[in-house]
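Please read the notes below alongside the sequence and the model.

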Amino acid sequence: MNNELYSKLVDLYAGNELPAELEDQMELAAAGNAGLNHDMTTLRRVVDALHNLEDPEYTEESYHRILMKLYSRGVDIQPREPVSSHFQYNLPLQG
Amino acid sequence: MASVFSMPNDALRDSLAEKRWLNALGKGDPSALGGLYEMYGERIFRYTFRMLGNRTDAEDATAETFLRVLRRSTELRADGAFRTWLFRIARNLCIDKMRQHKLMELPSDAHYSGSEERATLRVTVQQALSDLPIEYREPLVLCDLEEMAAREAAEILHISVPALKSRLYRGRRALRDKLGGTLERTS
């Protein structure tokens, strides 16, 4: 098998893009080939790690701050609920 | 027509809502932007956060994206390509911001929860992803994080599907090289 085809198959394997039958054949081949096994395993772990990255948190504060930025540029846009007063003022606490 | 009836209920409802908002916006109803912001605000924010690495710039870029939608509303067509067009606007804004502020050199303010080991891995992966050249990072963000189809991601990036896949595969290998033994230690 030439190197280009080998790399292509490993890339497809890592991205879960191979048909099940071909994937089984790749795993069988990897069982007797440490280099291939390492290549397949580590690349799939990269894909899994990316898929498992948490989404950035879209907070209520971000939602409202974006709306405020649009208001401030003159856009007529309605929030899904009234804006809480603590989004409008940010006063220092003094005690 | 048959394809519309075979769509899942949620997708069909979203598609119809999108058409309704786009038609309203095209007719000069500025309040329709609120509907589009409700539909796509979170996805655009997530995408810009991943590209820029911090909340403040992501919020700015998201607001600017929807502002540009409003300004260019005469170009809108309710033909199913709106999302691609929206992401293209967001992408161009992110690239402009990165050029202006050299944000790639600034630390990310992303926060991750979970067990310590998994949280460490996520931060490491996020940092390694941020360190990748932009031509590798973009396909990874769109395809592996946003789970977008290759065709749509290619359209957003103005490249062919084979070129996108080539960058995606090279990007994954480059990320693996950056992560080194981290993946093996945490497996």
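1. How many helices and strands are there in chain A? Chain A has 5 helices and 0 strands, where helices (H or I, at least four residues) and strands (E, at least two) are DSSP runs numbered from the N terminus. Along the sequence the pattern reads α-α-α-α-α.

2. This is a predicted model, in which local features need pLDDT of at least 70, side-chain atom pairs count only at pLDDT 80 or more, and totals for chains, interfaces and linings use all residues. Residues are numbered from 1 along each chain as its sequence is written, while chains are lettered from A and ligands numbered from 1 in the order in which they are written.

3. The mean pLDDT (the predictor's confidence in each residue, from 0 to 100) of chain A is 84, and 80% of its residues reach 70 or more. Within chain A, helix 3 has the highest confidence, at 94, and helix 5 (residues 85-88) the lowest, at a mean of 52. Where pLDDT is low, the predicted coordinates should not be read in detail.

4. In chain A, the axes of helix 2 (residues 20-31) and helix 3 (residues 34-51) come within 7 Å and cross at roughly 130 degrees. Axes are lines fitted to C-alpha atoms, for helices over the stretch in contact, with angles from 0 to 180 degrees between N-to-C directions.

5. Buried residues (20 or more other C-beta atoms within 10 Å of their own, C-beta atoms being placed from the backbone) make up 19% of the 95 residues in chain A. In chain B, the buried residues of helix 8 (residues 150-157) are A153(B), A154(B), E155(B) and I156(B). Just after helix 8 of chain B, H158(B) takes a positive phi of about 60 degrees.

Notes: Buried ≥ 20, exposed ≤ 12 C-beta atoms within 10 Å, placed from the backbone.
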